[in-house]
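Good morning, and thank you for coming.

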Amino acid sequence: MPNYKLIGHNYRIPDIVAKVMGQAKYAEDFRADGMLFCKLLLSPMPHARVRNINSRAALAMKGVAGILTADELPPPPPGDEHTGAEESSGRERGLTNEPLYEGEPILAVAAVDELTAAEAIEKIELDLELLPFTIDPLEGLRPGGARARRAGNIFVKGSGTKRRESNLFPVGGGMKTLEWTHKDLQEVVAGRMPFNAEVGEETVVGDLEAGFKQADLILEETLFQQSTPHQPLETRSAMAYWQNGKLYLYGSTQSVAQTVPMVAQWVGIDPSQVV
């Protein structure tokens, strides 16, 4: 039997005492000499297109070092995970000209302190065009119903899939539009999944037919849930600096494996150079 160091053993993680005693450092607690503070301008609309940004008044403020927009970020690299359009790629964006939810970042302001950055955000004039949206996935399946994304309402698998943490990214696919019939939707209202309706993705594990034959009771239910529960233990914050050509990042991320490649893409470096 393998001699595991942690599996099957009681052990204490190194920082548990510091966290319980309130002594642990979170991303918000780190500081560096001469560091700038960043604030994000968040979309006030659930789906919109940025028509114009007037940031002259903010840039003229004393202490404002710069403003970053989506146009200044590197474009998504070509490859299996992209179909050309940013919003159809399924990847998280650092900044965007087409926010897909209320609160998605549109631009970032860097200033000498937090208060100056926040005041600069208030001086920026944002011209947005409201686009169709929905917060109900079933509404997006109705014929002619509102959609959360212009590229479609379901992701399509391509030549394969890559699993990262709990998220399944489409590879070589994109998005397409799927519409259920009124009869299909009536089945949903009645608490049943439509039997013949096309589905975006179906997962089967084991021999279902054999399992049904052996079962004493078969209970069918329809379950709706959000993909990620948000229950952070710390402020959503990050502090980063450059040293010897590498980017060092202290971030309140749930998944380092998922954050590193995205940050590397945003700043235009190889993921191996992000620590």
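I shall call a residue buried when its relative accessible area is under 20%, exposed when it is over 50%, and partly exposed in between, using a 1.4 Å probe and protein chains only. Helices (H or I, at least four residues) and strands (E, at least two) are DSSP runs, numbered from the N terminus. This is a predicted model, in which local features need pLDDT of at least 70 and side-chain atom pairs count only at pLDDT 80 or more, while totals for chains, interfaces and linings use all residues. Residues are numbered from 1 along each chain as its sequence is written, and side-chain values use heavy atoms, with hydrogens and water left out.

I begin with helix H3, residues 114–123. Its buried residues are Thr116, Ala117, Ala120 and Ile121. Why do they lie on the same side of H3? They cover an arc of only 145° around the axis, taken from the directions from the helix axis to the C-beta atoms, and this places them on the same side.

What do the buried residues of H3 pack against? Their contacts, meaning heavy atoms within 4.5 Å, are with strand S1 (37–42), helix H2 (56–59), strand S3 (64–69) and strand S4 (105–111). At the start of H3, a side-chain oxygen of Asp113 comes within 3.3 Å of the backbone nitrogen of Leu115.

Helix H5, residues 182–189, is my second case. Here Asp184, Leu185 and Val188 are buried. Their arc around the axis is only 95°, which puts them on the same side of H5. The face turned away from that buried side carries the exposed residues His182, Lys183, Gln186 and Val189. The buried residues of H5 pack against helix H4 (137–141). After H5 comes Gly191, with a positive phi near 90°.

Finally, the aromatic rings. Rings of Phe, Tyr and Trp (its six-membered ring) pair if their centres lie within 6.5 Å; planes under 30 degrees apart count as stacked, over 60 as edge-to-face and the rest as tilted. By this rule there are 3 aromatic pairs. One of them is the stacked pair of Phe30 and Tyr250, at 4.0 Å centre to centre with 25° between the planes. This pair links distant parts of the chain, 220 residues apart: Phe30 is in the loop between helix H1 (16–20) and S1, and Tyr250 is in strand S11 (residues 246–251). Phe30 counts as buried, at 17% relative accessibility, whereas Tyr250, at 31%, is partly exposed. Ring pairs join Phe30, Tyr241, Tyr248 and Tyr250 into a cluster.

Note on methods
Polar contact = N/O pair within 3.5 Å; in protein donor to acceptor, adjacent residues only side chain to side chain.
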